[in-house]
Amino acid sequence: MKPLFYIYIVAAIIHLLFWLNLIPYPTVRQRSMQWLYTYLAIDVLLLIRVFIIYAYQSRPMCVPHFLRTIMCYYEAIFDNYLNVLQSYIILALNICRYLQITDNRDIYVIRHRTIIISHFLIYILPILCYIIAILCHWLVIFKPQNDICDLELTSAVVQILFLLFSYFIPLVFTSIFLFLSLRHIRNTNGIRTQQIIEARLKYHRQLIIQSGAFYSVWLILWSPYLLLFPFYYRHSTSGTITEIFICIGIVLDPFIVAALDIRFLRAWHSTWNHLIECIRPVRVAPMPVAIAPNY
């Protein structure tokens with residue numbers, strides 16, 4: 001646990017620097033970036049969960065039974081809930097981007113109420129599903145000796161439903177809306193201005209590269225957890241490997257998200273230039289010295 005915990009500390013430092021770097025730049029505080037910020041905020045919540053559980057497990061404390069029960073549910077459910085949220089946030093990002101491209105308008109302004117409702121549903125519906133599943137005994141929370149609490153899905157049907165709603169549905173619809181966005185950008189029928197055609201093809205290439213980088217990392221590092229979660233114990237060998245992948249994903253997310261939106265890269269580049277200017281020694285131009293003639 002300790003080597004992995006050190007990586008989480010590195011991830012926390014990277015995320016702290018990322019968020020601090022955004023303060024001076026109003027260009028990166030736009031409504032259109034809200035899904036990316038939400039995605040990264042969930043990474044922060046995952047880090048907070050790790051530090052809370054580490055502090056709770058490493059410090060022997062006399063905790064009332066009610067608080068121990070709450071902590072047990074927190075240990076068992078919260079990380080899985082956050083990972084499911086990220087799947088649907090990626091889906092919401094692609095839906096909004098598709099509507100933005102096809103409508104050629106700022107949907108974050110003209111459809112702001114719909115987006116607010118979408119946020120509400122994405123955060124609330126998974127919690128309701130967990131509550132219903134626990135009340136119906138489809139999910140069972142158990143605590144192994146000297147270990148954190150974990151979830152167990154009671155039947156194969158529940159496992160398949162969990163995979164369907166937590167992974168395959170958001171993944172399939174994300175792929176569909178990404179494909180529709182790329183096809184719409186690629187379609188230049190009816191456009192006669194060569195400059196517009198070249199701009200759209202350039203944006204098409206850029207979107208392919210950005211999406212390819214982002215979803216490759218997500219599929220490699222985050223998918224194993226969602227795919228294997230219904231079938232393994234958290235601290236089994238498979239569980240440990242998936243946690244390592246998630247830890248690496250949290251470390252890389254600020255860089256991947258920065259590559260996904262050019263405004264983040266510009267902010268990082270500007271900060272880097274300021275640091276170089278502060279570190280670089282100031283060169284003083286030599287002053288010409290006038291030598292008085294000797295008479």
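**Exercise 1. State which residues UniProt lists as "transmembrane region", and describe the spans 6-23 and 35-56 in this predicted model.**

Step 1. The unreviewed UniProt entry lists residues 6-23, 35-56, 81-99, 120-140, 160-182, 212-233 and 239-260; such annotations may be inferred rather than shown by experiment.

Step 2. Residues 6-23 are 94% helix and 0% strand, with end C-alpha atoms 27 Å apart. Helices are DSSP runs of H or I with at least four residues, strands runs of E with at least two, numbered from the N terminus.

Step 3. Residues 35-56 are 100% helix and 0% strand, and their end C-alpha atoms lie 31 Å apart.

The model is predicted: local features need pLDDT of at least 70, side-chain atom pairs count only at pLDDT 80 or more, and totals for chains, interfaces and linings use all residues. Residues are numbered from 1 along each chain as its sequence is written, and side-chain values use heavy atoms, without hydrogens and water.

**Exercise 2. Determine how helix H2 (residues 34-58) is placed against H5.**

Step 1. The axes, lines fitted to C-alpha atoms over the stretch in contact, come within 13 Å and cross at roughly 20°.

Step 2. H2 and H5 are therefore roughly parallel to each other (angles under 35 degrees).

**Exercise 3. Characterise the lining of the largest pocket.**

Step 1. Helices H3 (65-103), H5 (112-135) and H6 (156-186) each supply at least two lining residues; H5 gives the most, with 11 residues.

Step 2. The lining has 26 nonpolar, three polar and one charged residues. Ala, Val, Leu, Ile, Met, Phe, Trp, Tyr, Cys and Pro count as nonpolar, Asp, Glu, Lys and Arg as charged, and the others, Gly among them, as polar.

Conventions: Axes are lines fitted to C-alpha atoms, for helices over the stretch in contact, and angles run from 0 to 180 degrees between N-to-C directions. Angles under 35 degrees count as roughly parallel, over 145 as roughly antiparallel, 65 to 115 as roughly perpendicular and the rest as oblique.
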